[in-house]
Amino acid sequence: MPRARNLKPGFFSNEDLAECSPWARLCFAGLWTLADREGRMEDRPKRIKGELFRFDTVDVEPLLRELERGGFIVRYEIDGARFIQVSKFSHHQ
C-alpha cells in the first residue's frame, strides 16, 4: 500500500541524482511511497510500474538499474525473493 512521504527541498538539488534520467528521478521519488518504514519493498518491476507509471509507457527495469548504479537503491535476494532497499532511507525520513 502506498504511503505519504515528504521530499525535502534538497532532493531537487542533489547533483548525484541529477546525473540520472528524469524518469529515474521520478521513479526514485515514487519508490519512497512504496517502501515500508525501513525503506524496503519487493523488487517487482511490473508491480512498481503499475503503481507509479500506470498511465505511461515506461519500462521500470532500466530505471531501477540506473538507480542501483547510482547507489540510490540496493537490490538483493533472500531465499529466492527479490527486494529493494532505498539507500539512506531512514536518514531522509
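The accessible surface of the chain amounts to about 6300 Å², and carbon and sulfur atoms contribute 51% of that area. This is a predicted model, and of the 93 residues in the chain, 33% are buried. The C-alpha atoms occupy a box of roughly 35 × 30 × 25 Å along the principal axes. A compact globule of 93 residues would have a radius of gyration near 12 Å, and the chain, at 12 Å, agrees with this expectation.

Four helices and three strands make up the secondary structure of the chain, and their order along the sequence is α-β-α-α-β-β-α. Among contacts with a separation of 6 or more, 58% join residues 24 or more positions apart.

In soluble globular proteins, nonpolar side chains tend to be buried together. Here the largest nonpolar core comprises 24 residues, and those with the most contacts inside it are Cys-27, Phe-28, Leu-31, Leu-64 and Leu-67. Two or more residues of this core come from each of α1 (22-34), α3 (60-69) and β3 (81-86), with α1 giving the most, seven residues. Cys-27 shows how such contacts are made: leaving aside residues up to four places away in sequence, Cys-27 touches Leu-52, Phe-53, Val-60, Leu-63, Leu-64 and Leu-67.

Confidence in the prediction can be considered next. The mean pLDDT of the chain is 92, and 95% of its residues reach 70 or more. Among the elements, α3 has the highest mean pLDDT, 98, whereas helix α4 (residues 89-92) has the lowest, 71. Where pLDDT is low, the predicted coordinates should not be read in detail.

How values were computed: Residues are numbered from 1 along each chain as its sequence is written. This is a predicted model: local features need pLDDT of at least 70, side-chain atom pairs count only at pLDDT 80 or more; totals for chains, interfaces and linings use all residues. Side-chain values use heavy atoms; hydrogens and water are left out. A nonpolar core is a set of buried Ala, Val, Leu, Ile, Met, Phe, Trp, Tyr and Cys residues joined through side-chain atoms within 4.5 Å. Buried means under 20% relative accessible area, exposed over 50%, partly exposed in between (1.4 Å probe, protein chains only). Contact means heavy atoms within 4.5 Å. pLDDT is the predictor's confidence in each residue, from 0 to 100. The radius of gyration is taken over C-alpha atoms; the globule rule is 2.2 Å times the number of residues to the power 0.38. Accessible areas come from the Shrake-Rupley method with a 1.4 Å probe; for residues, only the protein chains shown count as cover.
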